[in-house]
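Trainee: I am new to this structure and would like to learn how to read it. Please take me through it one feature at a time.

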Amino acid sequence: MGHIGLPTALLLGNNGYEALGVDINENIVNMLNKRKIPFNEPGLSELLGQAKFTAQTEVEEADVFLIAVPTPLEKSMKVADLRYVKSAAEMIYPHLRRGNLVILESTVPPGTGEEFVIPILEKSGLNVGEFYFAHCPERAIPGRTIHEMIHNDRLIGGYDKKSAELAKKVYSSFVRGEIHLVDMKIAEFVKLIENTYRDVNIALANELAQIAEEFGIDIWEGIELANKHPRVDILRPGPGVGGHCVAVDPLFLVENSKKGRMILLAREINNSMPNHVLELLTNIIDPLREDPTVTVFGVAYKGDQSDTRGSPALKFIELAHNRGIEIRCYDPYVEDFQYEVLGLDEAVKDSDCIVVIADHKVFRDISPQKLGEMMRSRNLLDTRNLLCHEEWIKAGFKVKVL
Ligand code: SAJ
C-alpha cells in the first residue's frame with residue numbers, strides 16, 4: 001500500500017473491482033480502514049472516499065494479484081534488492097488458483113519475472129499457463145500519480161498472449177492512455193531505460209552547469225535559449241538526483257551487463273552534486289569561522305513533495321557536518337527526516353547562509369527582508385534557481401545561483 005499500490009488499488013476500487021489492499025505494516029492498514037491516507041498525494045483522499053476497498057495484513061484468495069512493493073538498491077553490490085518481491089510472491093502462492101492472474105508492477109532488472117517471480121509462484125503446484133502472469137511497470141510521477149496512472153500509456157508485458165489480454169482487461173477499467181501489449185522482458189527493459197534517459201540527461205545538465213560556472217555564464221539562461229531549438233530539451237541542473245527510481249533504476253539496467261559506461265558516469269556526476277554544492281557554499285561562508293551555521297530550505301527529494309527518500313539534502317548535510325558546519329533544516333512538507341526539521345524562524349536565526357535544495361514553490365512566498373533581520377549574515381545559495389533573486393538582493397542578500 002505504498003505510492004503505487006495504494007492509488008492503483010483505489011483506481012480499481014472505483015472502477016468496478018473490489019480491491020483488497022495488503023500491507024505488512026499494521027499502522028498503514030489501520031489508517032486506511034479509518035479512511036486516512038498515509039502519505040501526501042493529491043486526489044487520493046477523494047478516491048478513497050468512494051472506493052470499494054478494504055485493507056488487511058494478510059493475502060487471501062482473489063482473481064487478480066498485483067505486486068507493487070519497493071525494489072531498492074542493494075548498496076554494497078549496487079544491484080536490485082528483490083527481497084520484497086520475493087516475500088510478496090511467497091505470500092501469494094498459497095492462495096493462487098487455476099486461472100488467476102498475477103501482475104508485477106515493481107521495477108525489476110530484465111528477466112526477473114520469468115527467472116525469479118514465476119518460479120516462486122509455481123510453488124503453488126500450478127505451472128505458469130495454468131495461472132497467468134504479466135509485468136506492467138508503473139510510470140506515474142509522484143505529485144501527479146493519479147492523473148498519470150489514468151492518462152499515461154501503459155506497457156503490458158505478458159508471459160503469454162492470454163496473460164497480456166487479461167492484464168489489459170484489468171487496466172482498461174481506468175487507463176485512458178494507450179495500452180501496449182509486449183513481451184515481458186522488453187517491458188522490464190523499457191521501464192529502466194525511461195529512468196536512465198532522465199538520469200543521463202540530468203547529469204548532462206549538471207555537467208553543463210559546472211562548465212558554465214567556469215565560464216561565468218548563467219546556465220539557466222543558456223539552457224532556456226538552447227531549448228528554443230526544436231530538437232533540444234535540456235533538463236534542469238540541481239543539487240543531485242534523489243528519490244527511489246531515477247537514481248536507482250539505471251543500475252538495475254547495467255547490473256548484468258558488461259557495458260553501461262555512460263550510464264555509470266551519469267550516476268557519478270549526479271551523485272557528486274551535493275559535493276559541488278558544498279564547494280559553492282564554502283566559497284560563500286568561511287567554514288573556518290568558529291561556528292558556521294547554514295539553513296537548508298527543502299529536505300524532500302524534489303519540489304512540492306514530502307518524500308525524503310534518497311534526498312540530495314541528506315548527503316549535503318552529512319558532507320557539511322564533516323566540515324564542522326552546523327545545519328538547520330526547514331521544510332514545510334516534511335515531518336520525518338534523519339535530522340530535526342525546524343520552524344522557519346528557528347531554522348534561520350543566526351544563520352550564515354540559506355541553501356535551497358528542494359524546489360518547493362511555497363519558498364517563493366517567503367519575504368527575504370524579515371529573514372535577513374534574523375540571520376547572522378545575509379547569504380543565499382539557490383541550487384534550483386527557484387527564488388526571485390532581485391528581491392533577495394534588494395533585501396541585502398549576497399546571492400549565488402548554481
Ligand atoms: N531532477 C533534476 N532535474 C530535472 C528533473 C529532475 O535535478 O530536470 C531531480 C529531482 O529534483 C529529483 C530527481 O531528479 O531529485 C528525480 O525526480 P523526477 O521528477 O525526475 O522523477 P521521480 O523519481 O519523481 O519519478 C520518476 C519518473 N520517471 C520519469 O520521468 C522518466 C516517473 O514517471 C516514474 O514513474 C518514477 O520515476 C518511477 O517510479 O520509476
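Mentor: Let's begin with cover: a residue is called buried when its relative accessible area is under 20%, exposed when it is over 50%, and partly exposed in between, using a 1.4 Å probe and protein chains only. By that rule F363, at 1% relative accessibility, counts as buried. Two notes on the source: this is a predicted model, in which local features need pLDDT of at least 70 and side-chain atom pairs count only at pLDDT 80 or more, while totals for chains, interfaces and linings use all residues. Residues are numbered from 1 along each chain as its sequence is written, and side-chain values use heavy atoms, leaving out hydrogens and water.

Trainee: Is residue K34 buried or exposed?

Mentor: K34 has 60% relative accessibility, so it counts as exposed. You will find K34 in the loop between α2 and α3; helices (H or I, at least four residues) and strands (E, at least two) are DSSP runs, numbered from the N terminus.

Trainee: How many residues of helix α1 are buried?

Mentor: Nine of the nine residues in α1, which spans residues 5-13, are buried, so the helix is mostly covered. Among them are G5, P7, L10 and G13.

Trainee: Now the aromatic rings, please. How many aromatic pairs does the structure hold?

Mentor: Rings of Phe, Tyr and Trp (its six-membered ring) pair if their centres lie within 6.5 Å; planes under 30 degrees apart count as stacked, over 60 as edge-to-face and the rest as tilted. The structure holds six such pairs. In one of them, the ring centres of Y330 and F363 are 6.0 Å apart and the planes stand at 40°, so this pair is tilted. The pair connects distant parts of the chain, with Y330 in strand β11 (residues 326-330) and F363 in the loop between β13 (353-356) and α15 (368-374), 33 residues apart. Y330 is buried too, at a relative accessible area of 14%.

Trainee: Which residues does L344 touch?

Mentor: Contact means heavy atoms within 4.5 Å. Leaving aside residues up to four places away in sequence, L344 touches F297, Y330, I366 and L371. L344 belongs to helix α14 (residues 344-348) and is buried, with a relative accessible area of 18%. For a sense of distance, L344 and P312 lie 20 Å apart from C-alpha to C-alpha and 32 residues apart in sequence.

Trainee: Which residues come nearest to the ligand?

Mentor: A residue is near a molecule or strand if one of its heavy atoms lies within 4 Å of it. Of the 21 residues around the ligand, E138, K191, N195, R198 and Y301 come nearest. Helix α8 (residues 184-215) supplies the largest share of this shell, five residues. The shell divides into nine nonpolar, three polar and nine charged residues, where Ala, Val, Leu, Ile, Met, Phe, Trp, Tyr, Cys and Pro count as nonpolar, Asp, Glu, Lys and Arg as charged, and the others, Gly among them, as polar.

Trainee: What lies 2.4 Å from an oxygen atom of the ligand?

Mentor: That is an N or O atom in the side chain of R198. A polar contact is a pair of N or O atoms within 3.5 Å; within protein, one must be able to donate a hydrogen and the other to accept it, and residues adjacent in sequence count only if both atoms are side-chain atoms. At 2.8 Å from a ligand oxygen there is an N or O atom in the side chain of K302, and a polar side-chain atom of R384 also lies 2.8 Å from an oxygen atom of the ligand. Taken alone the ligand exposes 770 Å², and the protein buries 90% of that; accessible areas come from the Shrake-Rupley method with a 1.4 Å probe, and for residues only the protein chains shown count as cover.

Trainee: What does the side chain of K191 reach?

Mentor: The side chain of K191 reaches the backbone oxygen of E138 at 2.8 Å. K191 sits in helix α8 and, at 4% relative accessibility, counts as buried. Its contacts, not counting residues up to four places away in sequence, are T107, P137, E138, R139 and D249.
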